[in-house]
Number of protein chains: 2
Amino acid sequence: MQDIADKLGISRGTVSLVLSGKAKTGRISDEMQAKVKKLAKELNYHPNEIARSLSTGITKSIGVIVTDISNEFFGKMVFYIQERAKYYGYSVITVNTNECLNDFDEAITVLINRQVDGIILVPVEGGNEIVKRVINRKIPLVQIDRFYRDLNSNYIVIDNYNISRQAIEVLFDEGKRRIAVICYDINLSALTERRQGCIDVMKQRGLFDVELIKNIGYDNQEKEIEQAIKDLKNSSNKVDAIFFCSRKVFLAGVKYMVQLGIKIPEDMSVVCFDKIDAFSFANIPVTYIEQPIQQMGEKAIDLLIEQLQGNNQIKQLILNSDIKFTI
Amino acid sequence: MQDIADKLGISRGTVSLVLSGKAKTGRISDEMQAKVKKLAKELNYHPNEIARSLSTGITKSIGVIVTDISNEFFGKMVFYIQERAKYYGYSVITVNTNECLNDFDEAITVLINRQVDGIILVPVEGGNEIVKRVINRKIPLVQIDRFYRDLNSNYIVIDNYNISRQAIEVLFDEGKRRIAVICYDINLSALTERRQGCIDVMKQRGLFDVELIKNIGYDNQEKEIEQAIKDLKNSSNKVDAIFFCSRKVFLAGVKYMVQLGIKIPEDMSVVCFDKIDAFSFANIPVTYIEQPIQQMGEKAIDLLIEQLQGNNQIKQLILNSDIKFTI
DNA sequence: CTGAAAGCGCTTACAG
DNA sequence: CTGAAAGCGCTTACAG
């Protein structure tokens, strides 16, 4: 910039005004503008956004914290977030937590230190106080997929409780009576609601049996899911359906069902919370819940942008999901 | 920082030395260090990394440009990149190109302007000159999954040509003679090699028929893949296998095969370039190529870190992939 | 219409 | 062992 100013015999301020598109405000002459732009291109000038950020206090970047971007559910969510962020001129810094509180804490710290303009995050169990640091600093925030009940902040989630109830009702209508639920042992909205939705219907129908509820730890999920499937297979009272609380749990669970020779749907029916691309050719009947992932991602950015523009009204959105069938 | 300095009656420089862990260099007394750290915690001090970056010229961030993070192949790749980057203290800014040159150009510009310390990118066709901007600025760079032949720069890819040949050989050994190839029409390493590997084997075996090679445009892939499947089904000379060049092409292709009533493997066998989780329960026989995604992602960061540490030797790695079978 | 100057929050030689 | 000062590359009132 100094270079351009020197060669043109003008001041850095003038160059800045032209290059940052504030030429009218600065009332710079058209010819000067043209000269500056031409030389900038010639010199292959790239504005240093870091310097600009320090000066303006705006980084035009947002942080996104998800459980695991290699999980296609989050992959899609982040994709839509990124594309919409790009549209608004924002860059996205993504961090994975793997459901680990320590990673979550570090992610928040990194994002605060990097002065992101806003944060979209998938809560991790026990992270309430950590997120308060964000709120206290008045950094715009949107919780996505889950939310902390004790935090009066923005979120965008789906109708976990009701759709889970509906899924169980479907199984009931199909004649299933011993319905198992395999769900993470995470005590956070979304997961608790999915679990509770199932349990409540079963209780109302007089089908509830605590042995049918399998809680899985995230860190050792493969092994625990395998064990859960074995237990269900060996249940003295035949189990005739399994509700899986997420795509990862479903993928592992069905893998072990196949390995253990459990036939779908002859031996047991299955419900998957989330749609999997391969359903289109996997030759098994699955009742699945299709979430409005694109809408969630895009809306999350929209909520953030609103806040960035000074709208401090808290918004808590609950989107509808759908029950679908593969075959 | 000024605040801390004032309250303690010392200078900002001293505070900076303590907080950035350079206390020994500055030979600050232990008690002073303790005081500073204590107060920083009390005041909930978060260092402004933007200011630090401007001062040091290091942002501790890297840019990652992929085709589409919602594609599980790239999702996994980015996951391993992010986790390893985190380990080294780097943040990751991810951008999708959707194979669009304009998006690629913008992504590079954004990353340069944000002063990222290095870039890992999946090339887009025709982006050679764009990437030269990165090289000219001496920004450490690693190409991943594909690379530009005319750019003497770092890359990490797999043995696309040979593994594709092997896959076709497998089909040949199974007695397949009319083998179709559905591949993107992208003229870049990886894709061209996969296509050529197939073609070369077919030519050597005297099986080649240009009608069997279907080139698909990325932007309208669903429709074009559907049409390709239809054409292959209606081929006067029965087609008995299809090689799909990527997971997305496979997913779409097999979906339409099912829709059109093509039985796998009775009517046609299939090869998928990439492993899909659902293979573990999808009840169809698939020959697939398993790529060392984790190794690619982690190695990419390692190559970048090496360059960041001043090692300017160009490294071009070709990793081995494997042929596997679902059933 | 344009220039000079202060400031963003850090780091880092340099002087003491 | 510590302080004062310059500098990173921008932006933006302010003065003319």
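How many nonpolar, polar and charged residues does the surface near DNA strand C have? The second legend answers this. The model is predicted: local features need pLDDT of at least 70, side-chain atom pairs count only at pLDDT 80 or more, and totals for chains, interfaces and linings use all residues. Residues are numbered from 1 along each chain as its sequence is written, while chains are lettered from A and ligands numbered from 1 in the order in which they are written.

**View 1. Residues around DNA strand C.** DNA strand C is surrounded by 26 residues. Near means a C-beta atom, placed from the backbone, within 6 Å of the strand. The closest are A:Ile10, A:Gly13, B:Met1, B:Gly13 and B:Ser16. Two or more residues each come from α2 (12–19) and α5 (49–56) of chain A, and from α2 (12–19) and α5 of chain B. Helices are DSSP runs of H or I with at least four residues, strands are E runs of at least two, and both are numbered from the N terminus.

**View 2. Make-up of the surface near DNA strand C.** This surface has nine nonpolar, twelve polar and five charged residues. Ala, Val, Leu, Ile, Met, Phe, Trp, Tyr, Cys and Pro count as nonpolar; Asp, Glu, Lys and Arg as charged; the others, Gly among them, as polar. α5(B) gives the most, with five residues.

**View 3. Chain B against chain A.** Here 42 residues of chain B are in contact with 42 residues of chain A. Contact means C-beta atoms, placed from the backbone, within 7 Å. On the chain B side, α6(B) supplies the largest share, seven residues.

Technical notes. Two residues are in contact if their C-beta atoms, placed from the backbone, lie within 7 Å.
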